[in-house]
Protein chains: 2
Amino acid sequence: MSPLEPLVRLVPVQAQPPSLGDNTADLDRLRRALLRPLQDRWPLTPLTRAGLVAERFRQAGFAGLAVVNDLAVGPELVDFLPERPAHLAAMALDLGTTHLEASLLDLLTGRCLARATRENPQIEFGADILARIHFAARAGNGAGEDGLNILHSRIIAAINELAVDLAGKALMQAADIRALAVAGNTTMVHFFLRLNTYHLCREPYIPQVNAPDPFRAGELGLGIHPAATVWVLPSVGSYFGGDLIAGILASGLDQSEKTCMLIDVGTNAEVVVGNRDWLVACAGAAGPALEGGVARMGMRAEPGAIEHLEIDPESGALSYATIGGSAARGICGSGIIDLVAGFYLARLIDIRGKFRPTRAVAPGRFIEQPDGLAFVVVPASESASGRPVLLSQVDLDALMRSKAAMYAILSTLVNQVGLSFNQLHRIYVAGAFGGHIDPRQAIILGMLPDLPLEIYQPVGNSSLAGAEGILVDRGLRQRCHEVVRKITYIELNVNQEFMSRFSGSRFIPHTDHALFPSVPFFSET
Amino acid sequence: MSPLEPLVRLVPVQAQPPSLGDNTADLDRLRRALLRPLQDRWPLTPLTRAGLVAERFRQAGFAGLAVVNDLAVGPELVDFLPERPAHLAAMALDLGTTHLEASLLDLLTGRCLARATRENPQIEFGADILARIHFAARAGNGAGEDGLNILHSRIIAAINELAVDLAGKALMQAADIRALAVAGNTTMVHFFLRLNTYHLCREPYIPQVNAPDPFRAGELGLGIHPAATVWVLPSVGSYFGGDLIAGILASGLDQSEKTCMLIDVGTNAEVVVGNRDWLVACAGAAGPALEGGVARMGMRAEPGAIEHLEIDPESGALSYATIGGSAARGICGSGIIDLVAGFYLARLIDIRGKFRPTRAVAPGRFIEQPDGLAFVVVPASESASGRPVLLSQVDLDALMRSKAAMYAILSTLVNQVGLSFNQLHRIYVAGAFGGHIDPRQAIILGMLPDLPLEIYQPVGNSSLAGAEGILVDRGLRQRCHEVVRKITYIELNVNQEFMSRFSGSRFIPHTDHALFPSVPFFSET
């Protein structure tokens, strides 16, 4: 790991006290003393901090530690401490559509002090991004706020609660948090900054702001230290946000000699391909099936979720493992992929993803529901709730659309940059999806290309990891803007090639078998 | 005059509208379009303006005029206008201890749109600076604010009223004012910025802040445009403020090949000597006599003030002229100097400045008052109030201290830089004092050195002129900080040479006649 070059640092200062022969003002005396350690860059001081910093410098006897934000435009002096604190805390935040994940780092050591997570409270106003964008456009009535203000204040409140959580775990106060780095998709960042989201979902899909300048927490009513710098990772477009930029940084895609790919799958699938010389990106709606947002028994990868699952193709016997080993509460994305791949190999579904209830291997597993056929994954007697865990034809159809969209996105992108899949050195798989999914099962479904399994590398929550990197690594902060400049973004929402590839991908594994030599093909006759 | 390089400018922009092939965010599109006119300096945008600017850029059809602040750290984008306004208004402010003087400039043309003045409402809490510093230290009680907050909010309110005045005269709104440049003494600037003044008047006389960074008006609750840049002229020390820096800039002292001097006399006398290579400054208490603050009939140079006055040395006949020509209300600083010089030449006072009531030339002019002898300058029958305009021995003593302090300051400074008065090319006389005073009368008193009269040049309210320059001239904004770096400040409050020179200066014109060859000397015997 490179030496710490954090977003906020403590600079030791030992200045001559004022005298009749040296009547420089307290603040200017401090800034003069900082010139050498700051390589002759004069630090700016915001008006709201000037008097306070001067006062604390004097009270400390003109010696101690200056708190300096490291901004691209120059250093910013925001506080003065008489002695070295135990920690210099900073918060990294993955601002997700469904969940916020955060960590507290000590910028003196780079060590993680605490982690915390919390549901995005905006879910109350819309499960998916589109619903929230529509809610945001709601005008305020006489009594209350408009939709955007409601979404904004909810997210700020949730971040403040996370800050209190994190600080409590580290035996600190939220006001001790001196920096915040935020990675989120473009829409979430707009809600966070109270920006208008109206055009995000309307052709040609234009954000208000891609690259917000760093600001101070007090300007947004955040409950951390008011002079904490808030550093928001920039986005490239409406569907390619700072969370993805964070993923590129965390995976090192932008520094790789060999061409690699980064896939981040949530409700949207965002994909980047490239190397240290070029980066091309696209994004498309993958449907929420993989986040557990559609399947009625779907859930996030949390305790009680069926994470992995196997069906014996001969006997139809089904075995599964839940996260934490407790009784099953539902199925997460990776479990659903395993399940459907198992269905296919046991021929419980056909190549269009339709149930084949006549198959003898799973007697009693199919039941009729008001909206059609469903498969009993876990009987009521074994489940946590006392009700069966089911996967319905409706759920299955949603997954088929998701997997088709995913493969169509990947193949369109690779084709548009003039490559084929086997020229990729690595495929990094990010997001909750990436940490749990078994690439082999995804290949069987025809969701991921049929490549040697070692090509696939999970990178976990790279959005949070990227935000953490921003807090401790100046090089990363610079790379961040270089990446944004370097990325070419291809809009898929109106791409004809994508649409035709999508059609071919709606079968298991694909209409073109030659693309998936490792996957068995069953004639339907 | 150099071409306008104003603190705020309108930059014409004509950008390509967004499309699927160019999905840059609205704000970033605008900033990209600004790169060329801003010489490749990426403009920062404060969080509070980002959404608004993006919105207005879009509403204007991606063409119009960007409002850009020209800051030392780089350009700052704060607004967008669909079309060129009639004016781009900015306010210059001389933040004086007794009066605020302001002007409204049009930054499109450099033309003055309006002028306004107003008493400093802080006078209610202390006539002089020292009294206000003591008031500022008063702690808040349960119900109310502390002294500093009271002084601060009063001055902000007064500036807001001035802004409304100015804007009204130019048929605009105060919120149309897009920049504010402020020149004031160090204490006034501290009150303006709500900085602690405690140490300003205590050895070694240290300000909290000498060089505040520009900030936005909204941060201070000013009633002009919230994104207006507020540019405060820096100070050098507690007794050498931005008003003097403004004077140096306005007189061009810092660019002169030949060594010159700048004198600014208010309650304090502040003096700078130097040229384009070096600048040495000092300041000392001159007493408020010259601002009309002590003499009971003293007043500012306003309508009804006796501005000039003559006494026939033979007959004792007294003639005077008031400002505006109305009946006399009192005497301003220049009138008092004329009066006392006339007293001396008519031998109505001795060389110590004591009345000689036995002189036969002014029968009936002397009257006894509870605190001693007084001279009737204007009889009750001629005055505006129906009461006589008097000058008492107590007033005269105060003036003698002021004039002695002034000459001691000037001679100490010149001596400390190794020069003599006749090596000065020009002496610029600034402040209300400078505009009205007759240097010849001041020489007779021994207040100013005995030099050819053409050496003396009044520069009017150079504090306001300097603030105006900051608004329109980038070179001046840069020179401002160079001047601050270049000035060597000599503290006179504890200077032994000053004290001994002060003693010799307490006579008219001086104990050492040779210093004032042009002034007649009267033997006291």
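Start with helix α7 of chain B: 12 of its 13 residues are buried, so the rest of the structure largely encloses this helix. Keep in mind as you click around that this is a predicted model.

**Stop 1: inside α7(B)**

Select residues 333-345 of chain B to bring up the helix. The buried residues run through Gly333(B), Ser334(B), Gly335(B), Ile336(B), Ile337(B) and Asp338(B), and carry on with Leu339(B), Val340(B), Ala341(B), Gly342(B), Phe343(B) and Tyr344(B). Now step just past the helix to Arg347(B), where phi is positive, at about 60 degrees.

**Stop 2: the nonpolar core**

Which residues have the most contacts inside the largest nonpolar core? Select Leu180(A), Val271(A), Leu180(B) and Val271(B), and you have them; the core itself has 328 residues.

**Stop 3: where the chains meet**

**Stop 4: the axis**

How many degrees of rotation superpose chain A on chain B? It takes 180 degrees, with 0.0 Å of shift along the axis, and the RMSD is 0.1 Å. The two copies are thus related as by a two-fold rotation axis. Both copies use the same surface, with 98% of the contact residues of chain A recurring in chain B. To get your bearings, select Val73(A): of the residues of chain A, its C-alpha comes closest to the rotation axis, at 3.4 Å.

**Stop 5**

Most residues other than glycine have a negative phi, and most peptide bonds are trans. Here are some exceptions to look up.

- Phe62(A) has a positive phi, near 65 degrees. Look for Phe62(A) in the loop between α2 and β2 (63-71) of chain A. Phe62(A) is partly exposed, with 18 other C-beta atoms within 10 Å.
- Asp40(B) also has a positive phi, near 65 degrees. Find Asp40(B) in the loop between α1 (26-34) and α2 (47-59) of chain B. Is Asp40(B) buried or exposed? Asp40(B) is exposed, with 8 other C-beta atoms within 10 Å.
- Glu203(A) and Pro204(A) are joined by a cis peptide bond, with omega about 0 degrees. Pro204(A) is in the loop between α5 (186-193) and β8 (215-216) of chain A.
- Ile508(A) to Pro509(A) is another cis peptide bond, with omega near -15 degrees. To reach Pro509(A), go to the segment after α13 (496-504) of chain A.

Note on methods:
Residues are numbered from 1 along each chain as its sequence is written. Chains are lettered from A and ligands numbered from 1 in the order in which they are written. This is a predicted model: local features need pLDDT of at least 70, side-chain atom pairs count only at pLDDT 80 or more; totals for chains, interfaces and linings use all residues. Copies are superposed by least squares on the C-alpha atoms of residues with pLDDT of at least 70 in both. Two residues are in contact if their C-beta atoms, placed from the backbone, lie within 7 Å. Helices (H or I, at least four residues) and strands (E, at least two) are DSSP runs, numbered from the N terminus. The expected span of a helix is 1.5 Å times one less than its number of residues. A residue is buried if 20 or more other C-beta atoms lie within 10 Å of its own, exposed if 12 or fewer, and partly exposed in between; C-beta atoms are placed from the backbone. A nonpolar core is a set of buried Ala, Val, Leu, Ile, Met, Phe, Trp, Tyr and Cys residues joined through C-beta atoms within 7 Å.
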